Amino acid sequence: MNHARNSTSDDLVHVENPQGQSRVVIVCEHASCYIPDAYNNLGLAADALQSHAAWDPGALGVARGMSAQLDAILVASGVSRLIYDCNRPPTSVDAMPAQSETIKVPGNVDLSTDQRLDRTNRYYEPFRIQLSKQISSTPNAVIVTVHSFTPLYHGQARAVEIGILHDTDTRLADTMLRLAPSHTNANVQRNAPYGPEHGVTHTLKEHAIKAGLFNVMIEIRNDLIQTAQQQDVMADIMANWLLDSLAKLQSAKDEQ
């Protein structure tokens, strides 16, 4: 699969395939493990900086593949979730976490109000504004966020392989879950390994639910998308699954 495409980008937020003709807008909030030099790696060792604590490994590759398959705009954060987690509001402690699973983040401990505000203005606001802009320019937009999760969490194995997540608007998630057996043999679960009670649906609430737009959050176990080939295969599965689900929703609407 050729991922080359026109793009606009800077260090804060990346917009790929900005001329995409699909109504789908792909979002990848945890696409990057980049930490600007001014933060001195937040006091973390090299292995922690490449771990899931810092980003969602494989998620950007899947998101790019879906963007190519669907001819969809892709909006991705350009900084580590440890600097600012763009899937969290500024009021959330997890927006700049002092600990991620078993990894302590020294550079995020006891941040002052001014420090949090500075990061919010530097990293979250440009992402929020750019995503809002792309959604506003896409008629009848469908918001799809792409994430990955670890096979082990606090030493416990996770059986779920693909999570289909939603908040109060279940329309697209319900349809995808109903059609799952037609598209994958993976262990697919609703609101797993996380759900809205964990604060993970911020992007959906902020950019889709308020406007009544179809939306879904996709979580993929990261051992399934370690290589470029695995990411391409998963992107094909997810794109076809999504298209089928949207067609079903349109058909149901037409019959009303």
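Asn 17 sits in the loop that links β2 and β3, where helices (H or I, at least four residues) and strands (E, at least two) are DSSP runs, numbered from the N terminus. This residue has a positive phi of about 50° although it is not a glycine. Asn 17 is also buried, at a relative accessible area of 13%; here buried means under 20% relative accessible area, exposed over 50% and partly exposed in between (1.4 Å probe, protein chains only). The model is a predicted one, in which local features need pLDDT of at least 70 and side-chain atom pairs count only at pLDDT 80 or more, while totals for chains, interfaces and linings use all residues. Residues are numbered from 1 along each chain as its sequence is written, and side-chain values use heavy atoms, with hydrogens and water left out.

Leu 42 belongs to the loop between β3 and α1 (46-49) and is buried, with a relative accessible area of 2%. The backbone holds a further point of interest at Ala 192 and Pro 193, which are joined by a cis peptide bond with omega about 0°. Pro 193 lies in the loop between β11 and α5 (202-207).

Attention now turns to the strands. In a regular strand the side chains alternate between the two faces of the sheet. In strand β4 (residues 73-77), both faces are covered, with Ile 73, Val 75 and Ser 77 buried on one side and Leu 74 and Ala 76 buried on the other. Five of the five residues of β4 are buried, so this strand is largely enclosed by the rest of the structure. Two strands pair if DSSP finds at least two bridges between them. By that criterion, β2 (residues 13-16) pairs with β4 in the antiparallel sense over four bridges, and Val 15 stands opposite Val 75. Strand β3 (residues 24-28) runs parallel to β4 and is joined to it by four bridges, with Cys 28 partnered by Ala 76.

Strand β12 is mostly covered too, seven of its seven residues being buried. Asn 215, Met 217, Glu 219 and Arg 221 point one way, and Val 216, Ile 218 and Ile 220 the other. Seven bridges join β12 to β7 in a parallel arrangement, one site being Val 144 opposite Val 216. With β10, the pairing of β12 is antiparallel over four bridges, and Gly 163 has Glu 219 as its bridge partner.

Among the helices, α4 (residues 171-179) has Leu 172, Ala 173, Thr 175, Met 176, Leu 177 and Leu 179 buried. The elements covering these residues include β7 (142-149), β10 (162-165), β11 (188-190), β12 (215-221) and α6 (228-255). Leu 249 is found in helix α6 and is buried, with a relative accessible area of 16%. Leaving aside neighbours within four places in sequence, Leu 249 is in contact (heavy atoms within 4.5 Å) with Arg 171, Leu 172, Thr 175 and Phe 214. Leu 249 and Arg 171 are 78 residues apart in sequence and 8.1 Å apart in space, C-alpha to C-alpha.

Helix α2 (residues 59-70) meets α6 as well: residues Gly 61, Val 62, Gly 65, Met 66, Gln 69 and Leu 70 of α2 contact Gln 231, Met 234, Ala 235, Asp 236, Met 238, Ala 239, Leu 242 and Leu 243 of α6.
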